[in-house]
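Okay, thanks for coming, everyone.

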Amino acid sequence: MIILILKAKLWEKLDNKKVKCHVCANECVISLGKVGICRTRKNIEGELFTLIYGSHISKGSLDPIEKKPLYNFWPGHIAYSIASIGCSFRCLNCQNWTISQANPTDNGKNGFYSDEYSDRKISLYEMTPEALVKNVVKSGAKTLAYTYNEPLIWHEWIIDTTKLLKKEGIKTILVTNGFSTPEASKELIQVGIDAANIDIKGMSDEFYKKICGVKTLQPVLNTAKYFKENKVHVEITNLLIPDLNDKREDIEKICDWVLNNLGEETPLHFSAYHPDFKMPSNERTSYSVLDLAYNIAKEKGIFFPYIGNINHNDGSNTFCPNCKIILIERNGYQIQNKNLTANNTCKNCSFDLNGCIKGKINENSSNKFFFI
Ligand code: SF4
Ligand code: SF4
């Protein structure tokens, strides 16, 4: 039987049949019959349920892992990518707003929208954990990414499916806003999440309030640090939005934070913004700003700065932090091993990259991604 609605994890009962959810740092207090900020957790008769347990936007898609983006984790491999609907944030620039801002129906089978989009609907694909694992194994993908909408709100599904995927040797990846709680992060680490790309969207509470609709940045930083301390492979993404978070000081601040808290070997992806959804800026990020970010990160000592969503001379390649020779060259999503040995050392200077690059390179990667 396909279950789409399930008693939630990590919540407590309050007075008057209210409940408090601890799955993300919004820690919503939810009255009887209402849903939390993510729209996907409902108080039904004084108990909290997830409405999206087995609800997917599609059967999944096969993406290059670099699209997540993860550049230092199983480079060139395919990430079987799945998503549901809802999000703990309301980013004004969300590129995936058609899924992130959708509400599940009470039976978890469809999504609908509020306000100006109320005439739209989205049908959801129903899946069991076993069926997902079967599909992933059949696809040949060695990794699975919970991505596109915010995976942290899909906690129960992630825990159950990661357990099964691990038995098949599939690595699991979160592409997340990082707005977790220590309790939720602990469960994700315990179940064995292998890697996370965490968005640090800006370095101030003001940015998070104005652009993302949440009160504070700190939980995101805490999650990144906690994951890293617990041996999850972490890469950071920072979308540079013109006039909102793209000043030299903003870039320096995130570089310093990464260096001081996650370490020089943590990849930092700066990506280009384009106007979308409610368009907090009408301009695209310029090449010169991305180039500045790349150079600041290099000068400060970040080993692996990357540039995404735009062609940048060096920003898609991986260089040896010691001798600076090119290790992995990327052309779109096609990658070539230039100077990395089978033991993850630099062919030129023997620098050991095992703490920096996880897994083997797949040079037969495709530059296409597709739905299945
Ligand atoms: S997951 Fe986050 S946003 Fe959703 S109900 Fe729980 S605390 Fe609120
Ligand atoms: S966190 Fe990501 S998915 Fe959620 S609203 Fe922001 S950009 Fe969209």
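Let me start with how I sort residues: Ala, Val, Leu, Ile, Met, Phe, Trp, Tyr, Cys and Pro count as nonpolar, Asp, Glu, Lys and Arg as charged, and the others, Gly among them, as polar. Also, this is a predicted model, where local features need pLDDT of at least 70 and side-chain atom pairs count only at pLDDT 80 or more, while totals for chains, interfaces and linings use all residues. Residues are numbered from 1 along each chain as its sequence is written, and chains are lettered from A and ligands numbered from 1 in the order in which they are written.

So, the ligands. I call a residue near a molecule if its C-beta atom, placed from the backbone, lies within 6 Å of it. Around ligand 2 you'll find, among others, Cys87, Cys91, Cys94 and Cys212. That shell splits into five nonpolar, four polar and two charged residues. Ligand 1 has its own surroundings, including Cys21, Cys24, Cys28 and Cys38. Here the count is seven nonpolar, three polar and two charged.

Next, domains. The bounds come from an automatic or database domain assignment, which gives domain 1 (6-55) and domain 2 (56-371). Where they touch, domain 1 puts in 20 residues and domain 2 puts in 27, with contact meaning C-beta atoms, placed from the backbone, within 7 Å. On the domain 1 side, that's 11 nonpolar, six polar and three charged residues.

Now back to Cys212, one of the residues around ligand 2. It sits in helix H5 (205-212), where Tyr208, Ile211 and Cys212 are buried. Helices here are DSSP runs of H or I with at least four residues, strands are runs of E with at least two, and both are numbered from the N terminus. Buried means 20 or more other C-beta atoms within 10 Å of the residue's own, again placed from the backbone; exposed is 12 or fewer, and partly exposed is in between. Looking down the axis of H5, the buried residues fall within an arc of 95 degrees, so they line one face; the arc is taken over directions from the helix axis to the C-beta atoms.

Last stop: is Ile193 buried or exposed? Buried, with 25 other C-beta atoms within 10 Å. Ile193 lies in the loop between helix H4 (182-191) and strand S16 (195-199). Beyond its sequence neighbours within four places, Ile193 contacts Thr162, Thr172, Leu174, Leu188 and Val232.

Terms used. Two residues are in contact if their C-beta atoms, placed from the backbone, lie within 7 Å.
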